[in-house]
Amino acid sequence: MNKIISIGLAFFMLGSMGAKAQTNDEDPFNPITFVDANGNTVADGSHLRVSAAEDVWGGVQASTGLYVNNTSEDEVMTAMKVDVDSMDNGDISCCFPMVCATTAQMGWHFTTKPDLISGSATMVSIQTEWLPESSTSYGAAKANLTVCYYETKTNNSGRKIAGDLIGYGPSVSVTFVNEDPTGINNAKLSGDSSEVSAIYNLNGKKISNMGHGINIVRLNDGTVRKIVK
C-alpha cells in the first residue's frame, strides 16, 4: 500500500516566514538544501506535518518524504542530526547518507555516520521515519532535522573519510502523526492544542471528512495545511 504523506507546500509551511534562503549563491559553504518529492526547495526553518500509513510489510510508518540536493559541483561530507522533542511511542529512524541510526527516547538526539554526497547530486533521500509501535498506536512524534558538514580527509589507504565537524546547514522540524481515523475531525497533536476546525477540497468546498487525494485543512490556531490521503 502506498504511504500517505502530508506535506504542506511553501505557502502552507509553518515557520517558513522569514527563513533564510537556501541558495548556493548566497552561501557557498551551505550547498545542501532540503527538497520535497517534486524537487521543490523546502526552506530552512520550515515545519512539516506528515501522517502515518501502512507500509509494504503490514506495519505503519510516517515518512518525511524529504530529499536533499547538493547544489555545488563538489563532493560534500555530510550527515544528519536528529533531535527528538517528543514521541508518544515507537521510534524514529534516519538513514542518511548511507548508515541508519535509531532512537526510541524522547528528548534524545543522534547524528548519523557522515559520508560523501557527490557533486550536483539531486533527490538524495534522507529516509527519516517515525515507526509507531502498531497501527493502533495513535499519537505523534516531533523531531528537528539538521544537516551537518564535515571536513573531508584521506586515510592511509587513500579512502576519503570524515574529519572534524565544520558546521551546520539547513534545518527543518517535523511532526509525525498517527491519527485515529474515527476522530479525524478532532485530531490533536500530542503536546499541542491544535485541532482541525475545517476541511476543504481543492475547489474550496467545505467537506465533513478528508477524502482521497488533496485536502486543505484549517486548524483552530489559524494555520492551514495541505494533507494528501
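**Salt bridges and cysteines in a predicted model**

K81 and D83 are joined through their side chains by a salt bridge, with N and O 2.7 Å apart. The model is predicted, and it contains 3 salt bridges together with 1 disulfide.

**Salt bridges**

- In the K81 and D83 pair, K81 is buried, at a relative accessible area of 18%, and D83 is likewise buried, at 18%.
- R49 and E179 form a salt bridge through their side chains, with an N to O distance of 2.2 Å. R49 belongs to strand β3 (residues 47–51), whereas E179 sits in the loop between β15 (160–178) and β16 (196–200), so this pair ties together parts that are 130 residues apart in sequence. Both R49 and E179 are buried.
- A salt bridge also connects E75 with K160, whose closest N and O atoms are 2.7 Å apart. Distant parts of the chain are linked here, since E75 is in the loop between β6 (67–70) and β7 (76–87) and K160 is in strand β15, 85 residues apart. E75 is partly exposed, with a relative accessible area of 42%, and K160 is partly exposed, with 41%.

**Cysteines**

- The disulfide is formed by C95 and C100, with an S to S distance of 1.8 Å. The torsion about this S-S bond is about 105°, and the disulfide is therefore right-handed.
- C95 is buried, at 10% relative accessible area, while C100 is partly exposed, at 47%.
- C94 takes part in no disulfide; its nearest cysteine sulfur belongs to C95 and is 6.7 Å away. C94 is buried, with 0% relative accessibility.
- C148 is also in no disulfide, and the nearest cysteine sulfur, that of C94, lies 9.9 Å away. C148 is buried, with a relative accessible area of 1%.

Technical notes:
Residues are numbered from 1 along each chain as its sequence is written. This is a predicted model: local features need pLDDT of at least 70, side-chain atom pairs count only at pLDDT 80 or more; totals for chains, interfaces and linings use all residues. Side-chain values use heavy atoms; hydrogens and water are left out. A disulfide is a pair of cysteine sulfur atoms within 2.5 Å. Buried means under 20% relative accessible area, exposed over 50%, partly exposed in between (1.4 Å probe, protein chains only). A salt bridge is a side-chain nitrogen of Lys or Arg within 4 Å of a carboxyl oxygen of Asp or Glu. Helices (H or I, at least four residues) and strands (E, at least two) are DSSP runs, numbered from the N terminus.
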